[in-house]
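Hello,

Here is the structure for you to look through. My notes on what was found follow below it.

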Amino acid sequence: MQKDEFEAVYTRYYRVVYAYLISLCRDESLAAELTQETFFKALKAIDRFDGRCPVNVWLCRIAKNALVDAARKASRTAPAETLPDPPDPDAGPAQKAETHDEAMRVHRALHRLPDPYREVFWLRVYGELNFADIARLFEKTESWARVTYYRAKAKLREELT
């Protein structure tokens with residue numbers, strides 16, 4: 001991939017990388033910052049991208065590493081503190097809409113799933129990655145990705161019933 005092709009990659013995958021990071025960190029501003037960092041790092045390393053995996057998998061791997069790096073840095077520089085309370089799901093004008101309530105219920109249930117179930121489910125459903133791509137991202141087998149996804153679905157069903 002050449003640097004002149006990178007703008008098209010940015011346009012095509014920005015939302016995927018951003019949504020992936022939000023699913024991991026649940027912080028919009030951090031996800032936006034890390035998405036920019038991901039594309040900056042990808043641009044710097046573009047000459048080393050060999051195409052052995054799809055671009056979206058490569059970008060998600062960079063994004064996950066950026067999140068891990070940010071968490072390490074934060075733990076070194078900040079005192080131990082509890083996570084902030086999540087936003088009140090009942091606030092806002094759409095609170096009475098049934099579809100909104102159901103979406104929030106599913107969203108909360110998804111975020112209660114432990115890793116790697118949450119991440120694999122998100123990558124499969126919202127990231128639209130196939131099992132082979134998910135396996136490459138986690139450096140596992142495709143069977144592992146399938147089993148983890150189906151276990152995540154079962155856990156979600158259990159949580160939602």
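Helix 1 passes helix 5 in a right-handed crossing (the near helix is turned clockwise from the far one by less than a right angle; helices are DSSP runs of H or I, at least four residues, numbered from the N terminus). This is a predicted model, in which local features need pLDDT of at least 70 and side-chain atom pairs pLDDT 80 or more, while totals for chains, interfaces and linings use all residues. Residues are numbered from 1 along each chain as its sequence is written, and side-chain values use heavy atoms, without hydrogens or water.

The axes of these two helices, helix 1 and helix 5, come within 10 Å and cross at roughly 155 degrees (lines fitted to C-alpha atoms over the stretch in contact, with angles from 0 to 180 degrees between N-to-C directions). Helix 1 and helix 5 are therefore roughly antiparallel, the term for angles over 145 degrees. Val16, Ala19, Tyr20, Ser23 and Leu24 of helix 1 meet Arg118, Glu119, Trp122 and Leu123 of helix 5, contact being heavy atoms within 4.5 Å.

Glu119, in helix 5, counts as buried because its relative accessibility is 4% (buried is under 20% relative accessible area, with a 1.4 Å probe and protein chains only). Leaving aside neighbours within four places in sequence, Glu119 is in contact with Tyr20, Leu24, Lys64 and Phe138.

The largest nonpolar core has 43 residues, and Tyr20 and Leu123 are among those touching the most other members. Such a core is a set of buried Ala, Val, Leu, Ile, Met, Phe, Trp, Tyr and Cys residues joined through side-chain atoms within 4.5 Å.

Regards

Terms used: Buried < 20%, exposed > 50% of the residue type's maximum accessible area, 1.4 Å probe, protein only. Parallel < 35°, antiparallel > 145°, perpendicular 65-115°, else oblique.
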